[in-house]
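Here are my notes on the model, point by point. Please read them with the structure open beside you.

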Amino acid sequence: MSDRRYNVAIAGATGAVGVEFLKILEDRKFPVGELKLLASARSVGKKMTFAGREYAVEELTKDSFRGVDIALFSAGGSRSKEFAQAAVDAGAVVIDNSSAFRMHPEHPLVVPEINPEDIGKHKGIIANPNCSTIIMLMAVYPLTKLGKVSRIISSTYQAASGAGAAAMEELQNQTREYLEGKPLTKQIFPHQYAFNLFSHNSAVGAEGYNEEEMKMIKETRKILHDDSIGVTATCVRVPILRAHAESLYVEFADRRPSLESIRDALRAFPGVHLQDDPEKNHFPMPVEVSEKYDCYVGRIRNDLSNDHAVNLFVAGDQLLKGAALNAVQIAEVLIDKYMPAKK
């Protein structure tokens, strides 16, 4: 990594992902020079700590990015569309965690373990994929090195963290209310969240898929540079605070690899932890991957209905590898390979 220090801005600093940005930048010793914490007007003046120093949150405006080298955005799609270009015009490279630019043909969509070379093609903006897409592909991509993957079927079990800090708070509050026999307070979701599950809260389109499911389909093809791969998903919100899980069906065009070769590939892949212990019935669980960088993969077995397919189960922290960690990893590759040092 470069010896140079880089001026970093975080747009959406007070949100769930913004808080994780700060933790990860410090934990991974990212070479931060000056740091700007940006949020909406209601958060102005709030104090946040990074590397032992206290910073005051500033209002996000189009003039916020003077002197900034890297702008990490997690303020929502509308804010990204409003302010990202201003950051680029000021000379910053934007790494955006929203869906605003993911499918734009000029903006790379990157999981650094999978397609880091795409970072070099950026024109000022690099998109961070959807959390469910990242976690799924961390389990699937190692298998693509063993044979042509022709089809993926994913059923997701998505935590409250995917809808932000307010959704996590709603789950905690509803759980208390339910156990105390009180009426449940619903502000973020229209349905009871405590002790319940429901179809992902994004809008359902004319084809019958919700937005989250369509993101997984389209983003997978873009990241893998493979429009031929078949992908379908059913996305469900479950009453877990953080860390998503997914049941995966992976079909190969030709003969499926051996289970041992699959385990070996997963074991060797950076960012994946193999958690596959049938004797103890111990497989990936959200509670064990929360606040962990790695995605855990297990329940590896041949599909009994199709001799070209295998089944897997993966869990990963939505706020980390599914969001903030992936973005910081993009920034690490960016400064190491694609951002020229200033004299």
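1. Tyr 178 is partly exposed, because its relative accessible area is 42%; buried means under 20%, exposed over 50%, and partly exposed in between (1.4 Å probe, protein chains only). This is a predicted model, in which local features need pLDDT of at least 70 and side-chain atom pairs count only at pLDDT 80 or more, while totals for chains, interfaces and linings use all residues. Residues are numbered from 1 along each chain as its sequence is written, and side-chain values use heavy atoms, with hydrogens and water left out.

2. The structure holds seven aromatic pairs. Rings of Phe, Tyr and Trp (its six-membered ring) pair if their centres lie within 6.5 Å; planes under 30 degrees apart count as stacked, over 60 as edge-to-face and the rest as tilted. Tyr 178 and Phe 195 make a tilted pair, at 4.6 Å centre to centre and with 35° between the planes. Tyr 178 belongs to helix H4 (residues 165-179) and Phe 195 to the loop between H4 and strand E10 (198-199), so the pair ties together parts 17 residues apart in sequence. Helices (H or I, at least four residues) and strands (E, at least two) are DSSP runs, numbered from the N terminus.

3. One aromatic cluster is formed by Phe 189, Tyr 193 and Phe 198.

4. Which strands make up the open sheet, and in what order? Its six strands run E5-E2-E1-E6-E7-E8, with parallel pairing; two strands pair if DSSP finds at least two bridges between them. Strand E5 (58-59) and strand E8 (125-127) are the edge strands, each pairing on one side only. E5 pairs with strand E2 (residues 32-39) in the parallel sense over two bridges, and Ala 39 stands opposite Glu 59 in E5.

5. Two residues other than glycine have a positive phi: Ala 51, near 50°, and Glu 291, near 65°. Ala 51 is in the loop between strand E3 (47-50) and strand E4 (53-56). Glu 291 is in the loop between H7 and strand E14 (295-302), and counts as exposed because its relative accessibility is 60%.

6. Lys 280 sits in the loop between strand E13 (272-274) and helix H7 (286-289). Is Lys 280 buried or exposed? Lys 280 counts as exposed, because its relative accessibility is 67%. The C-alpha atoms of Lys 280 and Ala 86 are separated by 54 Å, and the two residues are 194 residues apart along the chain.
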